[in-house]
Amino acid sequence: MRDALISLLAALEYPVFLQGSLLPDEPYPPSFFTIWNDDGYDGSHYDNDAVSTIWRFSVNFYSTDPALVISELDAARAALKAAGWIVSGRGYDVASDEQTHTGRGFSALYLDFYGRETNA
């Protein structure tokens, strides 16, 4: 699911990084996404076996342009929802390690039913 999420976000034409993976001396791009896999737990069970996984990711967008922080995070929410992801709410502020960047994020869930072709 991580690769599917990265592909969806990369289609918005910004770099996508694993949260916290930029090195201390590495300059931040002007705008970028980060992701973090918060959880991947079993969904329903039948005959003592899980039949699905519920994936939960944090998706954050950072930028030197505060207007992009809102608009591009909204674009990401729309793209994920169109691909079958569950994105609830309007997001939340996230801290930035750089004074030049602000950020916002949201949580995204994907219900991965075994044996079903995913569209994500």
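Student: In this predicted model, which residue in β8 stands opposite Val94, and what makes β7 and β8 count as paired strands?

Tutor: Val94 stands opposite Gly103 in β8. Strand β7, residues 92-94, is joined to β8 by three bridges in the antiparallel sense, and because pairing requires at least two bridges between the strands, β7 and β8 qualify as a pair.

Student: How do you know that β6 is also paired with β8?

Tutor: Strand β6, residues 86-87, has two bridges to β8, again in the antiparallel sense, and since the requirement is at least two, β6 and β8 count as paired. The bridge partner of Ile86 in β8 is Leu109.

Student: Why is the contact between Arg56 and Asp38 called a salt bridge?

Tutor: The N to O distance between the side chains of Arg56 and Asp38 is 3.8 Å, and the cut-off is within 4 Å, so the contact qualifies as one of the four salt bridges in the structure. Arg56 lies in strand β5 and Asp38 in strand β2, residues 31-42, so the pair ties together parts that are 18 residues apart in sequence.

Student: What makes Arg56 and Asp38 partly exposed?

Tutor: Arg56 has a relative accessibility of 29%, and Asp38 has a relative accessible area of 29%; because buried means under 20% and exposed over 50%, both residues fall in between and are called partly exposed.

Student: How do you know that Asp74 forms salt bridges with Arg77 and with Arg90?

Tutor: The side chains of Asp74 and Arg77 meet at 2.8 Å, N to O, while the closest N and O atoms of Arg90 and Asp74 are 3.5 Å apart, so each pair meets the cut-off of within 4 Å. Arg90 is in the loop between β6 and β7 and Asp74 in helix α2, 16 residues apart, so this pair links distant parts of the chain. Through shared partners, the salt bridges join Asp74, Arg77 and Arg90 into one network.

Methods
Residues are numbered from 1 along each chain as its sequence is written. This is a predicted model: local features need pLDDT of at least 70, side-chain atom pairs count only at pLDDT 80 or more; totals for chains, interfaces and linings use all residues. Side-chain values use heavy atoms; hydrogens and water are left out. Helices (H or I, at least four residues) and strands (E, at least two) are DSSP runs, numbered from the N terminus. Buried means under 20% relative accessible area, exposed over 50%, partly exposed in between (1.4 Å probe, protein chains only).
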